[in-house]
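Work through these exercises with the model open. Each task is followed by a stepwise solution.

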Amino acid sequence: QVQLVESGGGLVQPGGSLRLSCTTSGSIPSINNMGWYRQAPGKQRELVASISSGDSTNYAYSVKGRFTISRDSAKNAMYLQMNNLKPEDTAVYYCSALIILRRYWGQGTQVTVSS
């Protein structure tokens with residue numbers, strides 16, 4: 001059974017940084033792409049950043065230049081380095097992976113940006 005687990009969330013002041021990690025377990029023959037999503041209260045879940053099997057990346061306009069997505073293919077792990085955090089970045093962050101045409105989700109990790 002494939003499982004994804006996020007970690008690294010927490011409370012940080014505006015302008016601070018956090019590094020989120022997504023680790024996977026179970027039988028994973030290959031991962032086509034992985035991504036980070038977030039959902040804030042009263043808003044729809046949105047794609048924050050994604051990375052393909054070929055390491056092509058895509059970012060939401062709101063985080064471009066501040067967040068960096070990366071992956072470790074050997075470990076089937078994914079990371080999100082978040083710098084210059086803003087209060088509007090507050091949300092539950094979810095990692096997701098597309099594995100042989102099926103989308104898997106982690107349980108989410110809370111990121112709160114507040115002074």
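**Exercise 1.** How many salt bridges does a search of the whole structure find?

*Solution.* The model is predicted. The search finds 3 salt bridges.

**Exercise 2.** Trace the salt bridges residue by residue and state which residues are linked in a network.

*Solution.* 
- Step 1. Start at arginine 38, whose side chain meets that of glutamate 46 at 2.8 Å, N to O.
- Step 2. Arginine 38 also meets aspartate 89, at 2.9 Å. Aspartate 89 lies in the loop between β8 and β9 and arginine 38 in strand β4, so this pair ties together parts 51 residues apart in sequence.
- Step 3. Aspartate 89 forms a salt bridge with arginine 66, with the closest N and O atoms 2.8 Å apart. Arginine 66 lies in the loop between β6 (57–59) and β7, so this pair ties together parts 23 residues apart in sequence.
- Step 4. Join the steps: Arg38, Glu46, Arg66 and Asp89 form a network of salt bridges.

**Exercise 3.** Over which rings does arginine 45 lie?

*Solution.* 
- Step 1. Its charged end sits over the ring of tyrosine 94, 4.0 Å from the centre.
- Step 2. Arginine 45 also lies over the face of tryptophan 105, 4.8 Å from the ring centre.

Methods. Residues are numbered from 1 along each chain as its sequence is written. This is a predicted model: local features need pLDDT of at least 70, side-chain atom pairs count only at pLDDT 80 or more; totals for chains, interfaces and linings use all residues. Side-chain values use heavy atoms; hydrogens and water are left out. A charge sits over a ring if NZ of Lys or CZ of Arg is within 6 Å of the ring centre and within 35 degrees of the ring normal. A salt bridge is a side-chain nitrogen of Lys or Arg within 4 Å of a carboxyl oxygen of Asp or Glu. Helices (H or I, at least four residues) and strands (E, at least two) are DSSP runs, numbered from the N terminus.
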